[in-house]
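Here are my notes on the model you sent over. Have the structure open while you read, and go through the points in order.

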Amino acid sequence: MTREVTAITVRPVRRLAGGTAAGLGTAVLYLSLIVLIPLAAVVWRSADEGPGYFWRSVTTPDAWAALTLTVGASALVALVNLVMGTVIAWVLVRDRFPGRAVLDTIIDLPFALPTIVAGLVLLALYGPQSPLGVNLAYSRAGVVLALLFVTLPFVVRTVQPVLLELDTEMEQAAASLGASPFQTFRRVILPNLIPAMLSGTALAFTRAIAEFGSTVLISGNLPFKTQVAAVNIFSQIEGDNTTGAAAISTVLLVVALVALITLDVLQRWGSRRG
Amino acid sequence: MAKHVLRVVAVVYVLFLLVLPVALIVWRTFGDGLAPFAEALTSPSALHAFTVTLTVAGWAVLANTVFGVGAALLLVRHEFPGKRLLGAFIDLPMAVSPVVVGLALILVYGRFSPLGGLLESWGIQVIFSTPGMVLATVFVSLPLVVRAVVPVLEELGDEQEQAAHTLGASRLQSFVRITLPGIRWALGYGVVLCLARSLGEYGAVAVVSGRLVDQTQTLTLFVEERFQNFDQPAAFAAATALALIAVVTLLFTKLLRPKDRSDGN
């Protein structure tokens, strides 16, 4: 017992010793060379020709169409994930049926599968040669489908642990006091799940606006119709317009940053409640 | 009743979104037996793509493993100002689009940038070559090892390391004998995730590699290029190979995941 207490209380706070300084220096140098300086260069380049040029690059018809499609499709995908992710997490935790363990394992497949393969497999089932007779190739529905595929695990994996921890006694109490299953869900379960549901949704949204590989094949990259922002950036780089590409990239970075800050706020809110 | 409805909805959703598409590709690939699959994957271009992929992923995993363990030790065992900021910077790559990663690296290491020009005058070509592809892969997989190791290091505490110090162990000895065995499962989990991400990276590599067939073409780029050139058998075969790697990764992570191990779940 005493040993456990010391293990918690004695957290040695070392001064910035030689080892720390050297390690910190190396880590910061590594991060700077690979992540920070290159990202700063993108923002820097986007402002290269002044705010007027930045604005014009972002609002060219094809860039603007790509940005609105990306944000709109990502919002829709986040919403579907909010509902379906919670349903799947619920089934995985509260339901018992043969094959549940398999379902639990394959939920993570989109994280492990290369995005280009994700696009290819979707095109095989929902493309021109679809055995189901459903052809979503070169359509916005195809883009949404690809984004749903790659974002599937986020809400499931944030809600699942919270559901596992949730005490069923409260629900039983509510039921014994005459609450209907729906009332129990709305008044007892849902308030506990909401922070996790929203965190997962925010993660899915950030992933969706950044997505490239899975949309390349199924969308056909038609400007004004199915071209998402990442693909628009790609074609601008290929066309040697790096300043325009940098401007759209900066917008994407800012949207992701806003989503992540929202996520951080949600998590604090959740931990204060929990 | 409601229970069954939810079950059916969840299973049908995952079936149509995930299981059937992947199964269809595997079925199409092996529909005519193993021979066409083997043939498609042993063409010179495919073999070259395999080699490029393994080289790039190997270096990236090595770099991120060393960095990951070092950064995790730094974040857990040391105190310094700006610690939260460092943690946030390490997580940053997860929120960046792969295409933006590629653009960012081109702007800094491309031929027409000061640093890229300097490196080129020393005979080092970064963009459109292996170093750039390694950098891109390191970028996208950077947080995976750190985030796998940090919680285990926190849980482990440093009592044993301190005991080793008082008994006269050097820093290296206590790392190899105490810390490393303590984090080995988490490290394995992080390395497997990092490897899978590295083998499967497409967008960032597509930008920095210049997509030169038989030169800088990785397996994922091979899938796309073959598909666009109406060589479906080769595209499907390579995609199936990558999907099999993903499934193996999934089973490995299932075995290694620290949470599941301690639960005995």
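1. Let's start where the two chains meet. Chain B puts 63 residues into the contact and chain A puts in 65, with two residues in contact if their C-beta atoms, placed from the backbone, lie within 7 Å. On the chain B side that touches chain A, helix 1 (residues 2-30) of chain B gives the most, with 18 residues. Helices (H or I, at least four residues) and strands (E, at least two) are DSSP runs, numbered from the N terminus. By class, that side of chain B has 48 nonpolar, eight polar and seven charged residues. Here Ala, Val, Leu, Ile, Met, Phe, Trp, Tyr, Cys and Pro count as nonpolar, Asp, Glu, Lys and Arg as charged, and the others, Gly among them, as polar.

2. A word on what you are looking at. This is a predicted model, where local features need pLDDT of at least 70 and side-chain atom pairs count only at pLDDT 80 or more, while totals for chains, interfaces and linings use all residues. Residues are numbered from 1 along each chain as its sequence is written, and chains are lettered from A and ligands numbered from 1 in the order in which they are written.

3. How confident is the predictor about chain A? The mean pLDDT of chain A is 89, and 93% of its residues reach 70 or more; pLDDT is the predictor's confidence in each residue, from 0 to 100. Over residues 1-11 of chain A, though, the pLDDT is below 50, and this stretch has two contacts in the model beyond near neighbours in sequence. Where pLDDT is low, the predicted coordinates should not be read in detail.

4. Now chain B as a whole. Chain B has 14 helices and zero strands. Its C-alpha atoms fill a box of roughly 70 × 65 × 35 Å along the principal axes. Of the 265 residues in chain B, 46% are buried, where buried is 20 or more other C-beta atoms within 10 Å of a residue's own, exposed is 12 or fewer, and partly exposed is in between, with C-beta atoms placed from the backbone. Among the chain B contacts with a separation of 6 or more, 74% are between residues 24 or more positions apart.

5. On domains, the assignment for chain B gives domain 1 (1-31) and domain 2 (38-263); such bounds come from an automatic or database domain assignment. The centres of the two chain B domains, taken over C-alpha atoms, are 30 Å apart. Five residues of domain 1 of chain B are in contact with five residues of domain 2 of chain B. Chain A is divided into domain 1 (15-46) and domain 2 (50-273). Here the contact takes four residues from domain 1 of chain A and seven residues from domain 2 of chain A.

6. For chain A, an unreviewed UniProt entry gives "transmembrane region" for several stretches, including 21-44 and 64-93. UniProt positions are in the numbering used here, feature names are shortened, and annotations may be inferred rather than shown by experiment. Residues 21-44 of chain A are 100% helix, with end C-alpha atoms 29 Å apart. Residues 64-93 of chain A are also 100% helix, and their end C-alpha atoms lie 42 Å apart.

7. Which residues have the most contacts inside the largest nonpolar core? They are Leu120(A), Leu103(B) and Val149(B), in a core of 169 residues. A nonpolar core is a set of buried Ala, Val, Leu, Ile, Met, Phe, Trp, Tyr and Cys residues joined through C-beta atoms within 7 Å. Helix 3 (residues 44-77) of chain B supplies the largest share of this core, 15 residues. Not counting residues up to four places away in sequence, Val149(B) touches several residues, among them Val69(B), Ala72(B) and Leu187(B).

8. Tyr138(A) has a positive phi of about 60° although it is not a glycine, and sits in the loop between helix 7 (115-126) and helix 8 of chain A. Arg211(B) also has a positive phi, about 50°, without being a glycine; its loop lies between helix 11 (203-209) and helix 12 (219-228) of chain B. Arg211(B) counts as partly exposed because 18 other C-beta atoms lie within 10 Å.
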